[in-house]
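Biologist: Let's go through this model together. I will keep asking how you reach each label.

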Amino acid sequence: MLYEYDALSSMRQPDVVVFPRTTEHVVQIAKAALRHNLPLVARGAGTGLSGGSVATEGGILLVFSRMKQIVEIDLENQRARVQPGVVNLDLSLAVADDGYYFAPDPSSQKACTIGGNVAENSGGPHTLAYGVTTNHVLGLELVLPDGEVIHTGASHWDQPGYDLSGVFVGSEGTLGVVTEATVRLSRKPEAVKTLLAIYNEVVGATRTVAAITARGITPAALEMMDGFCLRAVEEATHAGYPMDCAAVLLIEVEGLREAVEEHADEIEAVCRENQSREVRRAKSAEERDLLWKGRKGAFGALGRISPNFYVQDGVIPRTRLPEMLDFIGSLEKKYDLHIGNIFHAGDGNLHPIILYDERNREQIARVISAAKEIIMRCVEMGGSITGEHGVGLEKSDLMPLIFSDDDLELMGRIKNLFNPQGRLNPGKLLPTGKMCGELRGGLMGGGVV
Ligand SMILES: Cc1cc2nc3c(=O)[nH]c(=O)nc-3n(C[C@H](O)[C@H](O)[C@H](O)COP(=O)(O)OP(=O)(O)OC[C@H]3O[C@@H](n4cnc5c(N)ncnc54)[C@H](O)[C@@H]3O)c2cc1C
(Lines give C-alpha, C1' and ligand atoms only; values in the text may rest on other atoms or scores of the structure.)
Protein backbone atom coordinates (compact mmCIF):
# COMPACT_ATOMS: atom_id res chain seq x y z
CA MET A 1 0.00 0.00 0.00
CA LEU A 2 2.95 2.33 0.68
CA TYR A 3 3.66 2.34 -3.04
CA GLU A 4 0.13 2.90 -4.31
CA TYR A 5 0.20 6.67 -3.80
CA ASP A 6 2.32 9.79 -3.98
CA ALA A 7 1.68 13.23 -2.46
CA LEU A 8 -1.20 13.78 -4.91
CA SER A 9 -3.14 10.62 -5.12
CA SER A 10 -3.81 7.15 -3.98
CA MET A 11 -4.82 4.97 -6.83
CA ARG A 12 -3.46 1.57 -7.58
CA GLN A 13 -0.98 -0.87 -6.18
CA PRO A 14 1.82 -1.91 -8.53
CA ASP A 15 2.09 -5.63 -9.22
CA VAL A 16 5.76 -5.78 -8.24
CA VAL A 17 8.03 -3.37 -6.36
CA VAL A 18 11.77 -3.67 -6.94
CA PHE A 19 14.71 -1.92 -5.31
CA PRO A 20 17.70 -1.90 -7.68
CA ARG A 21 21.18 -1.06 -6.39
CA THR A 22 23.00 -0.66 -9.72
CA THR A 23 22.42 0.41 -13.30
CA GLU A 24 22.84 -3.24 -14.31
CA HIS A 25 19.95 -4.19 -12.01
CA VAL A 26 17.81 -1.56 -13.76
CA VAL A 27 18.81 -2.95 -17.17
CA GLN A 28 17.78 -6.47 -16.13
CA ILE A 29 14.48 -5.24 -14.69
CA ALA A 30 13.75 -3.27 -17.89
CA LYS A 31 14.44 -6.39 -19.96
CA ALA A 32 12.16 -8.46 -17.73
CA ALA A 33 9.41 -5.85 -18.12
CA LEU A 34 9.90 -5.99 -21.90
CA ARG A 35 9.70 -9.82 -21.94
CA HIS A 36 6.50 -9.81 -19.92
CA ASN A 37 5.08 -6.68 -21.59
CA LEU A 38 4.67 -4.93 -18.23
CA PRO A 39 4.48 -1.20 -17.45
CA LEU A 40 7.62 0.15 -15.78
CA VAL A 41 7.32 3.15 -13.46
CA ALA A 42 10.27 4.89 -11.76
CA ARG A 43 9.83 6.24 -8.27
CA GLY A 44 12.06 8.34 -6.02
CA ALA A 45 10.60 9.41 -2.68
CA GLY A 46 6.98 9.64 -3.84
CA THR A 47 6.69 13.32 -2.89
CA GLY A 48 5.42 14.21 -6.37
CA LEU A 49 2.26 16.31 -6.37
CA SER A 50 0.91 15.31 -9.78
CA GLY A 51 0.57 11.54 -9.40
CA GLY A 52 3.69 10.86 -11.53
CA SER A 53 5.02 7.86 -9.63
CA VAL A 54 1.70 6.07 -9.21
CA ALA A 55 1.54 2.81 -11.20
CA THR A 56 -1.86 3.55 -12.69
CA GLU A 57 -1.76 0.50 -14.94
CA GLY A 58 0.02 -1.78 -12.48
CA GLY A 59 3.28 -3.45 -13.55
CA ILE A 60 6.73 -2.93 -12.05
CA LEU A 61 7.52 -0.04 -9.74
CA LEU A 62 11.22 0.72 -9.77
CA VAL A 63 12.01 2.37 -6.42
CA PHE A 64 15.39 4.10 -6.07
CA SER A 65 15.73 4.20 -2.31
CA ARG A 66 18.73 1.82 -2.46
CA MET A 67 20.53 3.71 -5.25
CA LYS A 68 21.58 6.59 -3.03
CA GLN A 69 25.35 6.80 -3.43
CA ILE A 70 27.08 10.09 -4.09
CA VAL A 71 29.48 8.51 -6.58
CA GLU A 72 31.93 11.40 -6.96
CA ILE A 73 32.36 14.93 -5.71
CA ASP A 74 34.65 17.10 -7.83
CA LEU A 75 34.82 20.46 -6.09
CA GLU A 76 37.47 21.95 -8.35
CA ASN A 77 35.14 21.54 -11.30
CA GLN A 78 32.04 22.20 -9.20
CA ARG A 79 30.16 19.05 -9.98
CA ALA A 80 28.98 15.79 -8.45
CA ARG A 81 27.96 12.43 -9.85
CA VAL A 82 25.06 10.90 -7.98
CA GLN A 83 22.77 7.91 -8.11
CA PRO A 84 19.10 8.89 -8.58
CA GLY A 85 17.97 7.99 -5.06
CA VAL A 86 20.23 10.59 -3.38
CA VAL A 87 18.03 12.89 -1.31
CA ASN A 88 18.28 16.50 -2.51
CA LEU A 89 19.33 17.97 0.84
CA ASP A 90 21.90 15.22 1.48
CA LEU A 91 23.92 16.39 -1.51
CA SER A 92 24.05 19.95 -0.19
CA LEU A 93 24.96 18.69 3.29
CA ALA A 94 27.76 16.55 1.86
CA VAL A 95 29.51 19.61 0.38
CA ALA A 96 28.41 22.28 2.87
CA ASP A 97 31.64 22.33 4.89
CA ASP A 98 33.55 23.08 1.69
CA GLY A 99 31.32 26.06 0.92
CA TYR A 100 29.18 24.49 -1.82
CA TYR A 101 25.56 23.43 -2.26
CA PHE A 102 23.13 22.03 -4.84
CA ALA A 103 21.00 25.02 -5.84
CA PRO A 104 17.56 23.50 -6.71
CA ASP A 105 15.79 23.47 -3.35
CA PRO A 106 12.21 22.18 -3.51
CA SER A 107 10.40 22.66 -0.21
CA SER A 108 10.37 18.86 -0.03
CA GLN A 109 14.18 18.74 -0.19
CA LYS A 110 14.56 16.76 3.03
CA ALA A 111 12.83 13.83 1.33
CA CYS A 112 12.72 14.17 -2.48
CA THR A 113 15.42 12.60 -4.64
CA ILE A 114 17.65 13.95 -7.38
CA GLY A 115 16.09 11.42 -9.81
CA GLY A 116 12.65 12.87 -9.02
CA ASN A 117 13.99 16.44 -9.32
CA VAL A 118 15.42 15.65 -12.77
CA ALA A 119 12.21 13.93 -13.91
CA GLU A 120 10.03 16.84 -12.72
CA ASN A 121 12.52 19.63 -13.54
CA SER A 122 11.84 20.80 -10.01
CA GLY A 123 12.24 24.30 -8.72
CA GLY A 124 12.03 25.81 -5.28
CA PRO A 125 12.15 29.11 -3.41
CA HIS A 126 15.55 29.97 -4.94
CA THR A 127 14.43 29.34 -8.54
CA LEU A 128 13.98 33.07 -9.00
CA ALA A 129 17.73 33.63 -9.00
CA TYR A 130 19.20 30.24 -9.85
CA GLY A 131 16.72 28.59 -12.20
CA VAL A 132 15.24 25.10 -12.07
CA THR A 133 16.87 21.67 -12.06
CA THR A 134 17.68 21.72 -15.77
CA ASN A 135 20.04 24.64 -15.18
CA HIS A 136 22.06 22.43 -12.83
CA VAL A 137 22.23 19.16 -14.78
CA LEU A 138 25.38 18.54 -16.80
CA GLY A 139 24.77 14.98 -17.92
CA LEU A 140 22.64 11.89 -17.36
CA GLU A 141 22.91 8.13 -17.57
CA LEU A 142 19.58 6.58 -18.53
CA VAL A 143 18.10 3.16 -19.12
CA LEU A 144 15.55 3.02 -21.95
CA PRO A 145 12.54 0.68 -21.75
CA ASP A 146 14.28 -2.05 -23.77
CA GLY A 147 17.27 -2.08 -21.37
CA GLU A 148 19.60 0.03 -23.53
CA VAL A 149 21.91 2.35 -21.53
CA ILE A 150 22.54 5.82 -22.92
CA HIS A 151 24.52 8.86 -21.77
CA THR A 152 23.61 12.48 -22.43
CA GLY A 153 25.47 15.72 -21.91
CA ALA A 154 28.97 15.92 -20.57
CA SER A 155 30.87 17.01 -17.55
CA HIS A 156 31.45 20.42 -19.14
CA TRP A 157 29.11 23.01 -20.64
CA ASP A 158 28.02 23.19 -24.25
CA GLN A 159 28.25 19.64 -25.55
CA PRO A 160 27.92 19.58 -29.37
CA GLY A 161 24.86 17.95 -30.93
CA TYR A 162 21.30 17.82 -29.65
CA ASP A 163 20.73 18.79 -26.03
CA LEU A 164 19.42 15.38 -25.03
CA SER A 165 19.72 16.08 -21.30
CA GLY A 166 17.26 18.92 -21.93
CA VAL A 167 14.85 16.44 -23.54
CA PHE A 168 14.98 14.06 -20.58
CA VAL A 169 14.88 16.65 -17.78
CA GLY A 170 11.21 17.25 -17.03
CA SER A 171 10.03 14.22 -19.03
CA GLU A 172 8.46 12.78 -15.85
CA GLY A 173 9.81 9.27 -16.28
CA THR A 174 8.10 8.78 -19.66
CA LEU A 175 11.24 8.66 -21.85
CA GLY A 176 13.91 6.88 -19.81
CA VAL A 177 14.93 5.93 -16.29
CA VAL A 178 17.69 8.06 -14.78
CA THR A 179 20.34 5.86 -13.18
CA GLU A 180 22.98 8.55 -12.63
CA ALA A 181 23.13 12.34 -12.86
CA THR A 182 26.10 14.68 -13.09
CA VAL A 183 25.00 17.91 -11.47
CA ARG A 184 26.49 21.31 -10.94
CA LEU A 185 27.50 22.42 -7.44
CA SER A 186 27.21 26.11 -6.61
CA ARG A 187 29.45 28.19 -4.37
CA LYS A 188 27.73 29.46 -1.20
CA PRO A 189 27.42 33.24 -1.33
CA GLU A 190 29.64 35.42 0.82
CA ALA A 191 26.67 37.02 2.55
CA VAL A 192 22.93 36.33 2.93
CA LYS A 193 20.22 38.55 4.34
CA THR A 194 16.73 37.26 5.05
CA LEU A 195 13.91 39.75 5.47
CA LEU A 196 10.37 39.24 6.66
CA ALA A 197 8.00 41.98 5.47
CA ILE A 198 4.66 42.02 7.29
CA TYR A 199 1.43 43.41 5.80
CA ASN A 200 -2.02 44.22 7.11
CA GLU A 201 -3.43 43.90 3.59
CA VAL A 202 -2.58 41.22 1.02
CA VAL A 203 -2.53 43.70 -1.84
CA GLY A 204 0.49 45.52 -0.33
CA ALA A 205 2.47 42.27 -0.41
CA THR A 206 1.52 41.40 -3.99
CA ARG A 207 2.38 44.93 -5.20
CA THR A 208 5.75 44.76 -3.48
CA VAL A 209 6.68 41.68 -5.52
CA ALA A 210 6.47 43.50 -8.85
CA ALA A 211 7.95 46.69 -7.37
CA ILE A 212 11.12 44.93 -6.18
CA THR A 213 11.93 43.45 -9.57
CA ALA A 214 10.97 46.71 -11.30
CA ARG A 215 13.88 48.28 -9.36
CA GLY A 216 16.24 45.87 -11.08
CA ILE A 217 16.85 43.76 -7.96
CA THR A 218 16.57 39.99 -8.27
CA PRO A 219 16.33 38.53 -4.79
CA ALA A 220 17.55 34.97 -4.34
CA ALA A 221 14.06 34.13 -3.06
CA LEU A 222 10.78 36.00 -2.82
CA GLU A 223 8.07 33.96 -1.13
CA MET A 224 4.61 34.94 0.02
CA MET A 225 2.27 33.40 2.58
CA ASP A 226 -1.17 34.71 3.43
CA GLY A 227 -2.41 35.15 7.00
CA PHE A 228 -4.42 31.95 6.96
CA CYS A 229 -1.39 29.78 6.10
CA LEU A 230 0.83 31.79 8.44
CA ARG A 231 -1.28 31.06 11.46
CA ALA A 232 -1.24 27.33 10.70
CA VAL A 233 2.53 27.45 10.13
CA GLU A 234 3.21 29.39 13.31
CA GLU A 235 1.11 27.04 15.42
CA ALA A 236 3.03 24.07 14.00
CA THR A 237 6.58 25.42 13.89
CA HIS A 238 6.84 28.43 16.26
CA ALA A 239 9.08 30.10 13.71
CA GLY A 240 8.24 33.61 14.93
CA TYR A 241 5.74 34.58 12.22
CA PRO A 242 3.15 37.20 13.27
CA MET A 243 -0.31 35.78 13.95
CA ASP A 244 -2.30 38.94 13.28
CA CYS A 245 -1.35 40.02 9.75
CA ALA A 246 -2.87 39.45 6.29
CA ALA A 247 0.34 38.36 4.53
CA VAL A 248 4.11 38.21 4.75
CA LEU A 249 6.89 38.22 2.20
CA LEU A 250 9.98 36.17 2.95
CA ILE A 251 12.75 37.77 0.94
CA GLU A 252 16.33 36.69 0.64
CA VAL A 253 19.22 38.54 -0.97
CA GLU A 254 22.67 37.09 -1.31
CA GLY A 255 26.00 37.80 -2.93
CA LEU A 256 28.90 40.06 -2.04
CA ARG A 257 28.57 41.62 1.41
CA GLU A 258 28.38 45.26 0.27
CA ALA A 259 25.83 44.57 -2.48
CA VAL A 260 23.67 42.51 -0.12
CA GLU A 261 23.49 45.32 2.45
CA GLU A 262 22.57 47.80 -0.24
CA HIS A 263 19.88 45.56 -1.76
CA ALA A 264 18.41 44.71 1.63
CA ASP A 265 18.05 48.44 2.42
CA GLU A 266 16.51 49.11 -0.96
CA ILE A 267 14.06 46.20 -0.60
CA GLU A 268 13.06 47.37 2.85
CA ALA A 269 12.28 50.80 1.41
CA VAL A 270 10.13 49.25 -1.37
CA CYS A 271 8.23 47.15 1.20
CA ARG A 272 7.47 50.23 3.29
CA GLU A 273 6.40 52.23 0.22
CA ASN A 274 3.90 49.42 -0.39
CA GLN A 275 2.38 49.57 3.09
CA SER A 276 4.44 46.98 4.92
CA ARG A 277 3.79 47.63 8.60
CA GLU A 278 7.12 46.12 9.68
CA VAL A 279 10.23 44.67 8.05
CA ARG A 280 12.29 42.30 10.20
CA ARG A 281 15.74 40.97 9.39
CA ALA A 282 16.96 37.58 10.58
CA LYS A 283 19.77 38.36 13.03
CA SER A 284 21.45 34.97 12.95
CA ALA A 285 21.70 31.79 10.88
CA GLU A 286 19.37 30.14 13.43
CA GLU A 287 16.71 32.80 12.92
CA ARG A 288 17.00 32.44 9.15
CA ASP A 289 16.72 28.64 9.38
CA LEU A 290 13.63 28.98 11.55
CA LEU A 291 11.89 31.25 9.04
CA TRP A 292 12.68 28.80 6.23
CA LYS A 293 11.62 25.85 8.39
CA GLY A 294 8.23 27.53 8.71
CA ARG A 295 7.94 28.19 4.97
CA LYS A 296 9.13 24.75 3.91
CA GLY A 297 6.93 23.03 6.47
CA ALA A 298 3.81 24.91 5.39
CA PHE A 299 2.06 22.01 3.64
CA GLY A 300 2.58 19.80 6.67
CA ALA A 301 1.27 22.56 8.94
CA LEU A 302 -1.95 22.77 6.92
CA GLY A 303 -2.28 19.01 7.22
CA ARG A 304 -2.76 19.55 10.97
CA ILE A 305 -5.89 21.64 10.48
CA SER A 306 -7.69 19.85 7.66
CA PRO A 307 -8.33 16.17 6.92
CA ASN A 308 -7.29 16.73 3.30
CA PHE A 309 -6.09 19.50 1.07
CA TYR A 310 -5.48 19.94 -2.59
CA VAL A 311 -2.43 21.97 -3.67
CA GLN A 312 -2.98 23.68 -6.98
CA ASP A 313 0.12 24.71 -8.96
CA GLY A 314 -0.07 27.35 -11.66
CA VAL A 315 1.97 30.24 -13.01
CA ILE A 316 1.06 33.77 -13.98
CA PRO A 317 3.09 36.88 -14.76
CA ARG A 318 4.00 38.26 -11.31
CA THR A 319 2.46 41.65 -12.20
CA ARG A 320 -0.96 39.94 -12.18
CA LEU A 321 -0.66 38.63 -8.59
CA PRO A 322 -2.97 41.25 -6.99
CA GLU A 323 -5.71 40.45 -9.51
CA MET A 324 -5.24 36.70 -9.08
CA LEU A 325 -5.49 36.85 -5.31
CA ASP A 326 -8.74 38.82 -5.57
CA PHE A 327 -10.03 36.15 -7.93
CA ILE A 328 -9.07 33.31 -5.57
CA GLY A 329 -10.79 35.23 -2.74
CA SER A 330 -13.96 35.41 -4.85
CA LEU A 331 -13.80 31.63 -5.44
CA GLU A 332 -13.62 31.01 -1.70
CA LYS A 333 -16.98 32.76 -1.37
CA LYS A 334 -18.50 31.30 -4.52
CA TYR A 335 -17.70 27.70 -3.53
CA ASP A 336 -17.80 28.13 0.27
CA LEU A 337 -14.26 26.77 0.75
CA HIS A 338 -11.12 27.72 2.64
CA ILE A 339 -8.23 28.47 0.29
CA GLY A 340 -4.78 29.34 1.68
CA ASN A 341 -2.12 30.91 -0.50
CA ILE A 342 1.57 30.15 -0.58
CA PHE A 343 3.52 31.48 -3.54
CA HIS A 344 6.94 31.42 -5.03
CA ALA A 345 5.81 34.99 -5.65
CA GLY A 346 8.92 36.23 -7.42
CA ASP A 347 8.36 33.87 -10.33
CA GLY A 348 4.57 34.08 -10.25
CA ASN A 349 4.21 30.45 -9.18
CA LEU A 350 0.97 30.06 -7.20
CA HIS A 351 0.11 27.31 -4.76
CA PRO A 352 -3.49 27.90 -3.68
CA ILE A 353 -4.26 25.22 -1.11
CA ILE A 354 -7.89 24.17 -0.96
CA LEU A 355 -8.96 22.49 2.27
CA TYR A 356 -11.55 19.74 2.17
CA ASP A 357 -12.73 16.53 3.76
CA GLU A 358 -12.65 13.49 1.49
CA ARG A 359 -15.73 12.04 3.21
CA ASN A 360 -17.78 14.93 1.85
CA ARG A 361 -18.36 14.08 -1.83
CA GLU A 362 -20.39 17.21 -2.47
CA GLN A 363 -17.54 19.37 -1.14
CA ILE A 364 -15.10 17.52 -3.43
CA ALA A 365 -17.15 18.60 -6.45
CA ARG A 366 -16.80 22.22 -5.31
CA VAL A 367 -13.03 21.80 -4.82
CA ILE A 368 -12.65 20.42 -8.35
CA SER A 369 -14.61 23.34 -9.81
CA ALA A 370 -12.61 25.96 -7.88
CA ALA A 371 -9.28 24.34 -8.81
CA LYS A 372 -10.31 24.24 -12.44
CA GLU A 373 -11.30 27.92 -12.43
CA ILE A 374 -7.92 28.86 -10.96
CA ILE A 375 -6.02 27.02 -13.67
CA MET A 376 -8.23 28.41 -16.45
CA ARG A 377 -7.56 31.92 -15.11
CA CYS A 378 -3.78 31.24 -15.07
CA VAL A 379 -3.95 30.29 -18.74
CA GLU A 380 -6.09 33.33 -19.60
CA MET A 381 -3.52 35.55 -17.87
CA GLY A 382 -0.78 34.20 -20.13
CA GLY A 383 0.55 31.74 -17.58
CA SER A 384 0.67 27.96 -17.45
CA ILE A 385 -1.05 24.90 -15.98
CA THR A 386 1.92 24.02 -13.77
CA GLY A 387 4.85 25.93 -12.35
CA GLU A 388 6.85 23.08 -10.88
CA HIS A 389 4.76 20.12 -9.71
CA GLY A 390 4.56 18.66 -13.19
CA VAL A 391 1.74 17.37 -15.34
CA GLY A 392 1.77 13.72 -14.31
CA LEU A 393 -1.59 12.11 -14.04
CA GLU A 394 -3.29 15.18 -12.69
CA LYS A 395 -3.00 17.58 -15.59
CA SER A 396 -2.31 15.50 -18.69
CA ASP A 397 -5.75 16.32 -20.02
CA LEU A 398 -5.15 20.03 -19.53
CA MET A 399 -2.16 20.02 -21.90
CA PRO A 400 -4.30 21.12 -24.88
CA LEU A 401 -5.00 24.36 -23.00
CA ILE A 402 -1.43 25.50 -23.63
CA PHE A 403 -0.23 23.37 -26.56
CA SER A 404 -1.61 23.13 -30.09
CA ASP A 405 -2.41 19.77 -31.73
CA ASP A 406 0.83 20.09 -33.70
CA ASP A 407 2.85 20.71 -30.52
CA LEU A 408 1.30 17.67 -28.83
CA GLU A 409 1.78 15.53 -31.92
CA LEU A 410 5.50 16.38 -31.90
CA MET A 411 5.77 15.53 -28.20
CA GLY A 412 4.02 12.23 -28.94
CA ARG A 413 6.59 11.48 -31.66
CA ILE A 414 9.46 12.15 -29.23
CA LYS A 415 7.82 9.85 -26.69
CA ASN A 416 7.42 7.13 -29.34
CA LEU A 417 11.09 7.38 -30.23
CA PHE A 418 12.30 6.50 -26.72
CA ASN A 419 9.27 4.69 -25.35
CA PRO A 420 7.62 3.15 -28.44
CA GLN A 421 5.30 0.76 -26.64
CA GLY A 422 4.32 3.34 -24.05
CA ARG A 423 5.19 0.95 -21.21
CA LEU A 424 7.31 3.53 -19.40
CA ASN A 425 5.11 5.44 -16.95
CA PRO A 426 1.91 5.02 -18.99
CA GLY A 427 -0.93 7.53 -18.71
CA LYS A 428 1.30 10.43 -17.63
CA LEU A 429 2.18 13.80 -19.13
CA LEU A 430 0.46 13.54 -22.52
CA PRO A 431 -3.36 13.62 -22.81
CA THR A 432 -5.11 10.29 -22.40
CA GLY A 433 -8.56 11.45 -23.41
CA LYS A 434 -9.95 10.53 -19.99
CA MET A 435 -11.00 13.15 -17.46
CA CYS A 436 -9.36 13.31 -14.02
CA GLY A 437 -12.60 12.35 -12.27
CA GLU A 438 -13.05 9.27 -14.47
CA LEU A 439 -9.49 8.19 -13.79
CA ARG A 440 -9.64 8.57 -10.08
CA GLY A 441 -13.25 8.21 -9.11
CA GLY A 442 -13.24 11.65 -7.52
CA LEU A 443 -10.70 14.23 -6.54
CA MET A 444 -7.45 12.49 -7.32
CA GLY A 445 -8.71 9.37 -5.55
CA GLY A 446 -9.46 11.47 -2.52
CA GLY A 447 -6.06 10.94 -1.02
CA VAL A 448 -4.53 14.37 -1.42
CA VAL A 449 -1.68 15.11 1.04
C1 LIG B 1 5.64 19.22 1.00
C2 LIG B 1 6.04 19.25 -0.45
C3 LIG B 1 6.68 20.37 -0.95
C4 LIG B 1 7.06 20.41 -2.31
N5 LIG B 1 7.72 21.50 -2.77
C6 LIG B 1 8.14 21.54 -4.05
C7 LIG B 1 8.85 22.67 -4.55
O8 LIG B 1 9.12 23.65 -3.84
N9 LIG B 1 9.24 22.64 -5.85
C10 LIG B 1 8.97 21.58 -6.67
O11 LIG B 1 9.36 21.61 -7.84
N12 LIG B 1 8.30 20.50 -6.22
C13 LIG B 1 7.89 20.45 -4.94
N14 LIG B 1 7.21 19.35 -4.48
C15 LIG B 1 6.94 18.23 -5.41
C16 LIG B 1 8.00 17.09 -5.38
O17 LIG B 1 8.67 17.07 -4.13
C18 LIG B 1 9.01 17.23 -6.52
O19 LIG B 1 8.36 17.05 -7.75
C20 LIG B 1 10.17 16.21 -6.41
O21 LIG B 1 11.16 16.50 -7.38
C22 LIG B 1 9.74 14.77 -6.57
O23 LIG B 1 10.82 13.95 -6.19
P24 LIG B 1 10.58 12.44 -5.70
O25 LIG B 1 11.90 11.82 -5.47
O26 LIG B 1 9.65 12.41 -4.55
O27 LIG B 1 9.90 11.84 -7.00
P28 LIG B 1 8.60 10.91 -7.13
O29 LIG B 1 7.41 11.60 -6.57
O30 LIG B 1 8.91 9.56 -6.63
O31 LIG B 1 8.47 10.86 -8.72
C32 LIG B 1 8.17 12.01 -9.44
C33 LIG B 1 8.27 11.71 -10.93
O34 LIG B 1 9.62 11.43 -11.25
C35 LIG B 1 9.73 10.18 -11.88
N36 LIG B 1 11.00 9.62 -11.44
C37 LIG B 1 11.45 9.46 -10.17
N38 LIG B 1 12.68 8.95 -10.18
C39 LIG B 1 13.03 8.78 -11.47
C40 LIG B 1 14.18 8.27 -12.13
N41 LIG B 1 15.25 7.82 -11.47
N42 LIG B 1 14.19 8.22 -13.48
C43 LIG B 1 13.12 8.67 -14.19
N44 LIG B 1 12.00 9.15 -13.62
C45 LIG B 1 11.97 9.20 -12.28
C46 LIG B 1 8.51 9.40 -11.45
O47 LIG B 1 8.18 8.40 -12.39
C48 LIG B 1 7.47 10.51 -11.39
O49 LIG B 1 6.95 10.76 -12.66
C50 LIG B 1 6.80 19.30 -3.15
C51 LIG B 1 6.13 18.18 -2.63
C52 LIG B 1 5.77 18.15 -1.31
C53 LIG B 1 5.06 16.93 -0.78
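Modeller: Start with a term. A helix here is a DSSP run of H or I with at least four residues, and helices are numbered from the N terminus. Keep in mind that this model is predicted.

Biologist: What follows α12?

Modeller: Gly 382 does, and its phi is positive, near 85°.

Biologist: How do you know what span to expect for α12?

Modeller: The expected span is 1.5 Å times one less than the number of residues. Helix α12 covers residues 361-380, which makes 20 residues. The expected value is 28 Å. From first C-alpha to last, α12 reaches 29 Å, close to that value.

Biologist: Which residues of α12 are buried?

Modeller: Buried means 20 or more other C-beta atoms within 10 Å. In α12, the buried residues include Ile 364, Val 367, Ile 368 and Ala 371. Ile 374, Ile 375 and Cys 378 are also among them. Remember the helix repeat: 3.6 residues make a turn, so residues three or four places apart point the same way.

Biologist: What makes the phi of His 238 worth a remark?

Modeller: Most residues other than glycine have a negative phi. His 238 is not a glycine, yet its phi is positive, near 50°. His 238 sits in the loop between α7 and β13.

Biologist: Why is His 238 counted as exposed?

Modeller: Exposed means 12 or fewer neighbours. His 238 has 11 C-beta neighbours inside 10 Å, so it counts as exposed.

Biologist: And Leu 429, is it buried or exposed?

Modeller: Leu 429 has 23 other C-beta atoms within 10 Å. The cut-off for buried is 20 or more, so Leu 429 is buried. Leu 429 also has a positive phi, about 70°, without being a glycine. Its place is the loop between α13 and α14.

Biologist: Why is Val 71 called exposed?

Modeller: Val 71 has 12 other C-beta atoms within 10 Å. The limit is 12 or fewer, so Val 71 is exposed. Val 71 belongs to strand β4.

Biologist: What does Val 71 touch beyond four places in sequence?

Modeller: Val 71 touches Arg 81, Val 82, Gln 83 and Glu 180. Contact needs C-beta atoms within 7 Å. Val 71 and Val 82 are eleven residues apart in sequence, and their C-alpha atoms are 5.2 Å apart.

Biologist: How do helices α6 and α11 pack?

Modeller: Their axes are 8 Å apart, at an angle of about 145°. The contact residues divide into six nonpolar, one polar and one charged.

Biologist: Which residues come nearest to the ligand?

Modeller: Gly 44, Gly 48, Gly 52, Gly 116 and Gly 173 do, out of 37 residues around the ligand. Helix α3 gives the most to this shell, with five residues. By class, the shell has 13 nonpolar, 19 polar and five charged residues.

Biologist: Now the whole protein. How do you know that its radius of gyration agrees with a compact globule?

Modeller: For 449 residues, a compact globule would be near 22 Å. The protein has 22 Å, so the two agree. Buried residues make up 50% of the 449.

Notes:
Residues numbered from 1 in each chain as written. Predicted model: local features only at pLDDT ≥ 70, side-chain atom pairs only at ≥ 80, totals over all residues. Rg over C-alpha atoms; globule rule 2.2 N^0.38 Å. Helix = DSSP H or I, 4+ residues; strand = E, 2+ residues; numbered from the N terminus. Near = placed C-beta within 6 Å. Nonpolar A, V, L, I, M, F, W, Y, C, P; charged D, E, K, R; others polar. Axes fitted to C-alpha atoms, helices over the stretch in contact; angles between N-to-C directions. Contact = placed C-beta atoms within 7 Å.
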